[in-house]
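Trainee: Could we go through this chain together? I would like to begin with the overall layout and then look at a few residues.

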Amino acid sequence: MGREQNIKNLKTEKDGIIILRSLLQGFDVPNKDQLKRLYDIVGVDIKKYSRSVDGVLLRVPSFDDVRTKEDFTLIEIKTTSSKSVKELPYGVFFGFTKNEEDLFKSIDNYRLCIVHTLLKEYILLNYNEYESLIQNKRIQYQVNFKSK
């Protein structure tokens with residue numbers, strides 16, 4: 001069951017990326033080298049946080065034009081297709097790793113982006129907005145057993 005949910009989540013994330021590309025001018029998905037360069041600019045450890053960003057909002061024409069942290073915003077995408085969610089971000093439920101939250105808390109040009117794949121809408125949240133919306137939060141461990 002868990003694997004099925006993971007596959008579904010990856011599909012809805014791809015749908016979210018398609019929606020953001022159509023609605024959010026300057027949104028793009030960086031490749032590994034581009035992400036490393038952006039992380040170098042903001043002083044973030046790529047090894048620790050390589051999976052904590054899904055996209056980037058560029059304020060310059062292309063990745064090649066990025067010079068300072070003011071030229072871009074790092075974006076973590078969470079998607080929902082819940083019919084009970086009528087207005088973003090209210091009522092949204094999602095998973096967020098400690099790394100994602102730590103990065104979110106530590107740099108000011110990182111945003112959480114909630115995309116509703118049925119409504120074809122999104123909202124960008126800064127850390128303070130995120131914190132003010134939390135109804136409850138629990139810790140869940142992800143355990144991987146070693147290979148034989």
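**Layout, then some residues**

Trainee: Where is P89?
Mentor: P89 is in the loop between β3 and α4 (98–106). Helices (H or I, at least four residues) and strands (E, at least two) are DSSP runs, numbered from the N terminus. This is a predicted model: local features need pLDDT of at least 70, side-chain atom pairs count only at pLDDT 80 or more, and totals for chains, interfaces and linings use all residues. Residues are numbered from 1 along each chain as its sequence is written, and side-chain values use heavy atoms, with hydrogens and water left out.

Trainee: And the peptide bond from L88 to P89, cis or trans?
Mentor: That bond is cis, with omega near 5°.

Trainee: How many helices and strands are in the chain?
Mentor: The chain has five helices and five strands. From the N terminus, the order is α-β-α-α-β-β-α-β-β-α.

Trainee: Different topic. Is D71 buried or exposed?
Mentor: D71 is buried (under 20% relative accessible area; exposed is over 50%, partly exposed in between, with a 1.4 Å probe and protein chains only).

Trainee: Where is K120?
Mentor: K120 sits in the loop between β4 (110–116) and β5 (121–125). K120 has a positive phi of about 55°, although it is not a glycine.

How values were computed. Lys and Arg count as positive and Asp and Glu as negative; His and the chain ends are not counted. A salt bridge is a side-chain nitrogen of Lys or Arg within 4 Å of a carboxyl oxygen of Asp or Glu.
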